[in-house]
Amino acid sequence: LALVNRERGAGGRAGAVRAAADRREQIRPVLAYVDGHCRESITLDDVAEVVHVSPSRVRHVFKDVTGVSFKEYVTQVRVAEAKRLLLGTDLSVAEIARAVSYTNLHQFYKVFYRSCAMSPGEYRRYYTPAGGEVAQQPRA
């Protein structure tokens, strides 16, 4: 009996590992969609339609796999894109906010500050070379 239980336990762990891998695989297209559409309005319903599951399922699996909520992830991706634009272009902060799908400039400042502990303008000044030229982003 002990051997049967041990085999069941091992199978259970293998099944759990397989299920976790399946959830990660299910989230991969969601991450790709958000990364590719961060400059547009993105809703959980849009993403759910792309992966052919319910918005509720996307929300729960996304949080389980990534450790952050869908909304938090979208915000992180948008702030990362805003940082790239701040350092790689001479667009104004308002233009960058619009480019990463923020229609409310105050909200963009609030989200950016919460993420970086400095305003977008401070971020640009701090990370731009002393000559004031727009820094070129290293290619990954």
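## A helix and its surroundings

N104 caps the N-terminal end of helix α6, with a side-chain oxygen 2.9 Å from the backbone nitrogen of H106. This is a predicted model, in which local features need pLDDT of at least 70, side-chain atom pairs count only at pLDDT 80 or more, and totals for chains, interfaces and linings use all residues. Residues are numbered from 1 along each chain as its sequence is written, and side-chain values use heavy atoms, leaving out hydrogens and water.

**The whole protein**

- The protein has seven helices and zero strands; helices (H or I, at least four residues) and strands (E, at least two) are DSSP runs, numbered from the N terminus.
- Of its 140 residues, 31% count as buried, which is to say under 20% relative accessible area, while exposed is over 50% and partly exposed lies in between (1.4 Å probe, protein chains only).

**Helix α6**

- Twelve residues, 105-116, make up α6. From first C-alpha to last, the helix reaches 16 Å, close to the 16 Å expected at 1.5 Å a residue (the expected span is 1.5 Å times one less than the number of residues).
- Which residues of α6 are buried? They are F108, V111, F112 and C116.
- Seen down the axis of α6, these buried residues fall within an arc of 110°, so they line one face of the helix; the arc is that of the directions from the helix axis to the C-beta atoms.
- The face turned away from that buried side carries the exposed residues H106 and R114.
- The buried residues of α6 pack against α4 (70-88), α5 (93-99) and α7 (120-127).
- Just after α6, A117 takes a positive phi of about 60°.

**Nonpolar cores**

- A nonpolar core is a set of buried Ala, Val, Leu, Ile, Met, Phe, Trp, Tyr and Cys residues joined through side-chain atoms within 4.5 Å.
- The largest has 18 residues, and V30 and F62 are among those with the most contacts inside it. Helices α1 (2-36), α2 (44-51), α3 (55-66) and α4 each supply at least two residues of this core.
- Apart from it lies another core of 17 residues, including A82, V93, V100 and C116.
- Beyond its neighbours within four places in sequence, V30 is in contact (heavy atoms within 4.5 Å) with V47, V51, V58, F62 and F70.

**Confidence**

- The average pLDDT, the predictor's confidence in each residue from 0 to 100, is 85, and 81% of the residues score at least 70.
- Where pLDDT is low, the predicted coordinates should not be read in detail.

Definitions and conventions. A polar contact is a pair of N or O atoms within 3.5 Å; within protein, one must be able to donate a hydrogen and the other to accept it, and residues adjacent in sequence count only if both atoms are side-chain atoms.
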